[in-house]
Amino acid sequence: MNPRRARRLRDGNAGSGPVVYWMSRDQRIRDNWALLFAQQRALEQRRPLAVLFCLVGDFLGATKRHYKFMLKGLENVRRELEALDIPWILRIGDPTQEIPRVLDEWNAAELVTDFDPLRIKRTWKNEVCRRVSLPVFEVDAHNIVPCWVASPKQEYGAYTIRPKLHRLLPEFLDAFPHLERPPFSWEPPTPSVDVADASKKLVFDADVPEVPGISAGSDAANAAMRDFIERRLDDYPEKRNDPNAGAQSGLSPYLHFGQLSAQRLALEVTRTDVRDEAREDFLEELIVRRELADNFCFYNDAYDSTAGFPDWAKTTLRVHTDDPREHFYALETFERAETHDTLWNAAQRQMVATGTMHGYMRMYWCKKILEWSPSPEKAVEISVFLNDRYSLDGRDPNGYTGIAWSIGGVHDRAWKERPVFGKIRFMNRNGCARKFDVEQYVATYPAKAGNSL
């Protein structure tokens, strides 16, 4: 493994027990650089290897929809580890308490964990490092180019990070080595929480149901990847902005939960026999735009508020805060999809019903929340709440960055000034109608009789 994928978070003294991989963001066994690095460290030191996962209840507004999807994926993880004779331990509680407690119980040699740019995950890691005495490593198993290698600062936009990523891709877009069966056996002294029983012990919002018809886990993720590459990738450039065409990959939930490796997806797309334009357009979204989102959240702690907007956007929005709005809606009206705009309502209903929203519609959806809210601050609050509550890929750098782009001009430029938006890029229904059949999309997600959702 390229050693630049890993960085040391803490020096320390190794215990006599196993090398422990604290799995968090990347919930898979195959194609997982963090697990491969932990295996490498264990083999070098002739130690056993163990995998630890800590479930946190009521995590950033996650609902039954998110927990059930994640737990089904973790059952896939448990089965694959069991087949390799790698111990798996699932705990429930505060990671800053549980992780140090387990490491102490096991007299662990080292701790390896995966990279996550979100504030709460970085806070957890910092506190764990403060409470333990062993070496701690972090591996970026989510991005192809490790976030801290791609750039040492927040980038202005895709045009500034793109050449940096393209220069580094030959070094990092390499094949995955095989995960070996460990030569050193070890039995955890305490039993794992059973995945099937974990949801009974968690605290979460049970009002948002699971999404019917979508399977979770790395097996399902890899099947969905193959389906996209074989059936829809070649048409991606022409159809990706049409919500009626079904041309997008549909892989964002699997990428968000780490059930699918973005690097595996990039490798498969690179090898497949499709038009160069289709390959390049998809890899631009998969690599440049995704890794730009991680860059934004990693280097800007205010990624989910107006404080994280560029100065020009803060200024123009402040100037237009008191502009008259034709419509004002409270959170409850947005959530129930009861605005005057049938197109916006259809987008909201798509997210509630399917756990996803077409990428083009998500931009329109978010910009209209700005237009119909009393302030940019309220618009961000509502957008983050709804996206994180209903989207399977909520609480993700892509979501926070998309909201910041739509409302606050992040990674964008100043446009022609207009009421409410100021110099923020504007979108309207007529613009959508020029790109796709709006009425067909609205008819696909109709309001139910007696219930707006």
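The numbered points that follow treat the basis of the model, then a strand, then a pair of helices.

1. The model is predicted, local features need pLDDT of at least 70, side-chain atom pairs count only at pLDDT 80 or more, and totals for chains, interfaces and linings use all residues. Residues are numbered from 1 along each chain as its sequence is written, and side-chain values use heavy atoms, with hydrogens and water left out.

2. Strand E2 (residues 19–23) is mostly covered, with five of its five residues buried (under 20% relative accessible area, 1.4 Å probe, protein chains only). Val19, Tyr21 and Met23 point one way from E2, while Val20 and Trp22 point the other way.

3. E2 pairs in the parallel sense with strand E3 (residues 49–55) over five bridges; pairing requires at least two DSSP bridges between two strands. Four bridges also join E2 to strand E5 (residues 110–114), again running parallel. Val20 has Ala50 as its bridge partner in E3 and Leu111 as its bridge partner in E5.

4. Helices H16 (residues 359–371) and H18 (residues 397–408) pack at about 50°, their axes 9 Å apart. The crossing of H16 and H18 is right-handed, that is, the near helix is turned clockwise from the far one by less than a right angle.

5. Met363, Cys366, Lys367 and Leu370 of H16 make the contact with Ile403, Trp405, Ser406 and Ile407 of H18 (heavy atoms within 4.5 Å). The residues of this contact comprise six nonpolar, one polar and one charged; Lys counts as charged, and Met, Cys, Leu, Ile and Trp count as nonpolar.

Terms used. Axes are lines fitted to C-alpha atoms, for helices over the stretch in contact, and angles run from 0 to 180 degrees between N-to-C directions. Helices (H or I, at least four residues) and strands (E, at least two) are DSSP runs, numbered from the N terminus. Buried means under 20% relative accessible area, exposed over 50%, partly exposed in between (1.4 Å probe, protein chains only).
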